[in-house]
Amino acid sequence: SSSKLLIKGGTVVNADRQEVADVYIEDGIIVSVQPNIKVGDDVTVLDATGKYVMPGGIDPHTHLEMEFMGTETIDDFFSGQAAALSGGTTMHIDFVIPVNGSLSAGFEAYAKKAKKSCMDYGFHMAITKWDEYVEREMEIMVKEKGINSFKFFLAYKGSLMINDELLLKGMKACKSLGALAMVHAENGDAVAEGQKKMIELGITGPEGHVLSRPPVLEGEATGRAIRLASFVNTPLYVVHVMSIDAMEEIAKARKAGQRVIGEPVVSGLVLDDSGLWDPDFTIAAKYVMSPPIRKQGHNKALQAALSTGLLQLVGTDHCTFNSTQKALGIDDFRKIPNGVNGIEERMHLVWDTMVESGKISVTDYVQITSTECARIFNIYPRKGAILAGSDADIIILNPNSSFQITAETHHSRTDTNVYEGRRGKGKVEVTIAGGRVVWKDGELKVLPGTGRYIEMPPFSYLFNGIDKADATYLSSLRAPVQRFKAAT
Ligand code: DUC
Ligand code: ZN
Ligand code: ZN
Ligand code: ZN
């Protein structure tokens with residue numbers, strides 16, 4: 001059966017331009033984008049006059065159905081994606097966690113969890129330990145499984161953390177495969193020390209989480225990862241940039257021409273750490289994520305860096321635990337499962353904070369919420385664009401309407417919301433995913449099994465010229481110094 005859809009009279013926005021045009025869709029694919037498209041009466045027409053028609057959001061950073069810190073995130077692939085669609089996000093990239101260090105077992109487990117998907121998704125792969133199989137498995141992931149990015153943890157000592165030797169090995173493996181190395185950048189040894197100190201001082205509440213892992217530790221690990229990536233000459237993607245310290249390391253490297261991508265997340269852009277000091281444990285604990293949400297001022301600086309292009313795209317690190325799960329750490333902040341919501345709120349909060357406030361243009365909005373992610377992970381222009389031939393993942397946003405956030409009406413399964421009570425300008429009124437209208441008039445129509453796995457091929461634009469840069473470097477090296485053997 002064929003489904004035909006016409007979006008009429010809206011302002012169609014891509015990352016590089018905006019124009020008043022109609023968008024005609026057939027069977028999940030955009031067929032044409034031009035003014036005054038005439039269609040027959042078998043076509044469903046959506047009026048978008050006075051509204052923005054934009055590529056659906058792509059969230060580069062989520063954790064659905066993840067086993068973590070003795071429990072499992074409350075949003076699975078279906079509930080998390082349903083929440084995403086109701087907020088204008090039509091694709092996400094989740095992190096596969098290996099099973100007992102096995103990447104293939106991890107991949108199979110995630111492929112199974114994701115069968116109930118109602119929106120398109122891709123995978124990054126976390127590398128949690130290093131053995132003789134890892135490099136071969138990374139190759140299989142890239143060449144056969146559609147994964148082109150690997151995440152390394154410089155924090156979580158004793159579980160996920162790897163040392164510099166292994167980080168270097170990982171970066172070299174990524175480079176040879178044309179895959180992107182990603183880092184969770186906090187100094188895990190120092191974090192463990194900071195946590196010990198807090199407990200010794202009797203600070204066991206959520207505020208201890210903030211105090212134990214200050215921005216300087218994020219700055220150190222970010223700078224270290226950037227320098228090691230420079231040594232290996234491979235691109236680097238820094239996930240969840242939460243502090244000025246980390247942002248400045250990225251900015252400095254980018255200004256020097258290094259290929260470093262910085263991903264702030266919504267919580268770091270719009271919140272500050274005040275909630276973590278709330279005397280009500282349930283309220284304070286909901287804000288616990290790593291790296292921590294920082295003091296007021298970091299958020300504004302991250303917004304500014306995003307508006308000038310020093311940071312490139314916005315994620316969420318959506319990783320939800322309900323109040324009962326968060327209470328695992330009632331006596332010890334180290335046991336509070338780390339993670340906040342955001343997959344449903346990202347598009348609205350970025351619009352309100354960045355566009356409505358005049359910090360960026362509407363085309364920049366499309367760039368940082370969708371197009372840049374598609375380009376980095378090498379799925380552009382299938383995703384991240386409203387062009388003939390692209391997937392019909394589209395939102396209609398009304399700039400004159402407003403949104404309001406509360407746990408009572410959100411679609412995530414968690415019982416709290418770190419953005420509780422927030423209101424703002426700009427509302428996603430319609431979400432179209434794979435050519436289907438899944439969100440309209442406040443009604444969500446989603447079906448498990450309709451989301452597709454999007455394979456991401458290696459060698460994105462970030463790798464252009466990498467080989468040449470290596471050759472230049474090698475040819476610039478002087479011939480080995482000749483030394484005379486001592487006479488014997
Ligand atoms: N940080 C979180 O807050 N949750 C998931 C993993 C992470 O690094
Ligand atoms: Zn499960
Ligand atoms: Zn992380
Ligand atoms: Zn994460």
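Author: What follows starts with the sheet and then moves to its surroundings. The model is predicted, and the description should be read with that in mind.

The sheet is open and has 7 strands, paired in parallel. Read across, their order is β6-β9-β10-β11-β12-β13-β14. At the edges stand β6 (57-62) and β14 (260-262), each of which pairs on one side only. From one strand to the next the twist averages 25 degrees.

Within this sheet, the pair β11 and β12 can be followed residue by residue. Strand β11 covers residues 149-153 and strand β12 covers residues 180-184; the two run parallel and are joined by 5 bridges. Phe-150 stands opposite Ala-181 of β12.

Two helices lie against the sheet. Helix α8 (residues 244-255) packs on it and touches β13 (236-238) and β14. The direction of α8 makes about 145 degrees with that of β14. Helix α1 (residues 77-86) lies across β6 and β9 (89-96), and it runs at about 145 degrees to β9.

Strand β5 (residues 52-55) pairs with strand β1 (residues 4-13) in the parallel sense, over 2 bridges. With strand β15 (residues 394-404), β5 pairs in the antiparallel sense, over 4 bridges. Tyr-52 of β5 takes part in both descriptions: Thr-11 stands opposite Tyr-52, and Tyr-52 stands opposite Leu-397 in β15.

Next come the contacts between helices. Helix α4 (residues 164-177) packs with helix α7 (residues 215-232) at an angle of about 50 degrees, and their axes are 10 Å apart. The two are therefore oblique to each other. The crossing in which α4 passes α7 is right-handed. On the α4 side, the residues that meet α7 are Asp-164, Leu-167, Leu-168, Met-171, Lys-172 and Lys-175. On the α7 side, they are Leu-228, Ala-229 and Val-232. By class, this contact has 6 nonpolar residues, no polar ones and 3 charged ones.

From α13 the contact takes Met-347, Val-350, Trp-351, Met-354 and Val-355, and from α14 it takes Val-362, Tyr-365 and Thr-369. These residues divide into 7 nonpolar, 1 polar and no charged.

Leu-103, Ser-104 and Phe-107 of α2 make the contact with Glu-137, Met-138, Ile-140 and Met-141 of α3. The classes in this contact are 5 nonpolar, 1 polar and 1 charged.

Most residues other than glycine have a negative phi, and most peptide bonds are trans. Asp-27, although not a glycine, has a positive phi of about 50 degrees. Asp-27 is found in the loop between β2 (18-26) and β3 (29-34). The peptide bond from Tyr-380 to Pro-381 is cis, with omega near 5 degrees. Another cis peptide bond joins Ser-290 and Pro-291, with omega about -10 degrees. The loop that holds Pro-291 runs between α10 (281-286) and α11 (298-307).

Ser-290 leads on to the ligand. The residues surrounding ligand 1 are His-63, His-184, Met-289, Ser-290, Asp-317, Cys-319, Asn-338 and Gly-339. Ser-290 of this shell is the residue joined to Pro-291 by the cis bond, and His-184 belongs to the range of strand β12 (residues 180-184). The shell around ligand 1 divides into 2 nonpolar, 5 polar and 1 charged residue.

Terms used. Residues are numbered from 1 along each chain as its sequence is written. Chains are lettered from A and ligands numbered from 1 in the order in which they are written. This is a predicted model: local features need pLDDT of at least 70, side-chain atom pairs count only at pLDDT 80 or more; totals for chains, interfaces and linings use all residues. A residue is near a molecule or strand if its C-beta atom, placed from the backbone, lies within 6 Å of it. Ala, Val, Leu, Ile, Met, Phe, Trp, Tyr, Cys and Pro count as nonpolar, Asp, Glu, Lys and Arg as charged, and the others, Gly among them, as polar. Axes are lines fitted to C-alpha atoms, for helices over the stretch in contact, and angles run from 0 to 180 degrees between N-to-C directions. Angles under 35 degrees count as roughly parallel, over 145 as roughly antiparallel, 65 to 115 as roughly perpendicular and the rest as oblique. A crossing is left-handed if the near helix is turned anticlockwise from the far one by less than a right angle, and right-handed if clockwise. Two residues are in contact if their C-beta atoms, placed from the backbone, lie within 7 Å. Two strands pair if DSSP finds at least two bridges between them.
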